[in-house]
Amino acid sequence: MGVAGTGKTTIGPLLAARLGVPYAEGDDFHPQPNIAKMSAGVPLTDDDRWPWLDAIGSWAHARAGLGGVVSCSALKRSYRDRLRAAAPGVVFVHLTGDRALIEGRMAHRRGHFMPTALLDSQFATLQPLAVDEAGVAVDVTGGPEEITARATAALARLPEPTG
């Protein structure tokens, strides 16, 4: 999870490979009207996001007990609650970084529908993981392999789930 430009699409597959589980690109779950809105620089509303989150939650539910990595901004607690309702065992990896770093990365990527103009709205919406949410925060400075190693190490330090 994280704002646009933190590397979810880059780190997700690397993390999945390191963990030996499948990867799903969260953007692929967006319905076409959402992509059209974002491409036009229009932020999505919660009503726009619910079907997208439900589709991601369904994928995660199907992977319960098997493992998997799916990228998803999951910026608000309510979004993560919706994902947890579908897949109670989900664990979040919050990719974090300062705005200047992330904007620089976004400015250099090609072929993505999310413009840098929406970055401020992403940061304004972001609600970091709360202490009662299963997950870790991982800084995105450095290269993809370094970030993936930090994520893997942070996940390994999490307590085993109970029940």
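Here is a short chat about the fold and the pocket.

Reply: Happy to! This is a predicted model, where local features need pLDDT of at least 70 and side-chain atom pairs pLDDT 80 or more, while totals for chains, interfaces and linings use all residues. Numbering starts from 1 along each chain as its sequence is written, and side-chain values use heavy atoms, without hydrogens and water.

Me: Thanks! How many helices and strands does the chain have?

Reply: There are seven helices and four strands, counted as DSSP runs (helices H or I, at least four residues; strands E, at least two) and numbered from the N terminus. Their order from the N terminus is α-β-α-α-β-α-β-α-α-β-α.

Me: And what does the C-alpha trace span along its principal axes?

Reply: About 45 × 35 × 25 Å.

Me: Switching topic: how much space lies in the largest pocket?

Reply: About 1100 Å³, a volume being the space filled by probe spheres set on grid points joined across faces, edges and corners. A pocket here is an open set of points on a 1 Å grid over the protein atoms alone, where a 1.4 Å probe fits, with protein on both sides within 12 Å along at least five of seven lines; lining residues have an atom within 4 Å of a point.

Me: Which residues lie nearest its centre?

Reply: Gly68, Gly89, Val90, Val91 and Phe92, out of 40 lining residues.

Me: Which element gives the largest share of that lining?

Reply: That's α1, with five residues. Elements supplying at least two each include α3 (46–62), β3 (92–96) and α7 (144–156).
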